[in-house]
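Good morning, colleagues. I should like to take a few minutes on the helices of one model.

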Amino acid sequence: LNLSASTCQTPDLKILDNRLTQLPQAPNSLEVAAWRNLGEIMEFFGKIKASELILGKLSQRTLNQFDQGSVLLSLGKLKQLKKENQEALTLYQKAAGISPEIATQFKAQLAQLNLLINLEQWQEAVEVIPFVKQSLSQLPLNQVKVYGQIQLADNLIKLQDQQNNNFITESLEFSQDPLKGAKTLNNQRIE
C-alpha cells in the first residue's frame, strides 16, 4: 500500500484518497484484500472517516464477485456501526447476492439477521432465516460455521421471545452443534 505508520495512526484523508485514486480500476485480489483489511483496521481503531473513505472507494472499483462481496460486507458493518441501518441492510443483501463464496454469503445473511432483530423488524428477520440456514448447511466444518451456529441459536431465541413461532427446538439443535464442531476441530476456546 506504500503508506507510512503515521498515516495509519493519524490518517490523512488526502493521502489515502490520493493512494486510492492511483489504484487500478480493476485491482487484483491481493490489492483489494490489503485495502479492505486496512479499512477494517481503521474502523477497529475508531478511524471511521478513513475506513469509510477506503471501503467506499474500493466498492466503486471493478472487482471480481468474491472481492466485491467481501468489500460490501465490510462496508455494511461500517454503516451499521454508524447507525446507517437501512444502508447496512442493503449492503448485506448485495454482499450475499453477489458473492459466490458461501462463507461471505453466510456472514452477510447472518449480519442482516442480527441487524433486523436489533431493529425489531421481526417479520423480516423470520424471512431471512431460511437463507441463513441454507448457507450454514453448505459451510464446511470450520470456525465460521461453529460461531455462526452459536449466533444463529442466539438469534432464534430472541425471535422465539418475540414471535409465536416454534424456534426453541431449532435453537437447541443449533446450540448443540457448535460444541460437537469445536470438539471435532479440537478448539478449546470455542468449547
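Predicted model: local features only at pLDDT ≥ 70, side-chain atom pairs only at ≥ 80, totals over all residues.

Residues are numbered from 1 along each chain as its sequence is written, and side-chain values use heavy atoms, leaving out hydrogens and water.

Let us begin with H8, residues 122-138; helices here are DSSP runs of H or I, at least four residues, numbered from the N terminus. At 1.5 Å a residue, its 17 residues should span 24 Å, and the end C-alpha atoms are 25 Å apart, which agrees; the expected span is 1.5 Å times one less than the number of residues. H8 bends by about 30° at Val 128, with Pro 130 following within four residues; the bend is the angle between axes fitted to the seven residues ending there and the seven starting there. Val 128 is also among the buried residues of H8, buried meaning under 20% relative accessible area with a 1.4 Å probe, protein chains only.

Next, the pair. The axes of H3 (residues 29-44) and H5 (residues 65-81) come within 10 Å and cross at roughly 10°; axes are lines fitted to C-alpha atoms over the stretch in contact, with angles from 0 to 180 degrees between N-to-C directions. The two helices are therefore roughly parallel, that is, at an angle under 35 degrees.

Finally, Gln 112 lies in H7, residues 102-118. Gln 112 is buried, at 8% relative accessible area. Leaving aside neighbours within four places in sequence, Gln 112 is in contact (heavy atoms within 4.5 Å) with Leu 89, Tyr 92, Gln 93 and Val 128.

Terms used
Buried < 20%, exposed > 50% of the residue type's maximum accessible area, 1.4 Å probe, protein only. Parallel < 35°, antiparallel > 145°, perpendicular 65-115°, else oblique.
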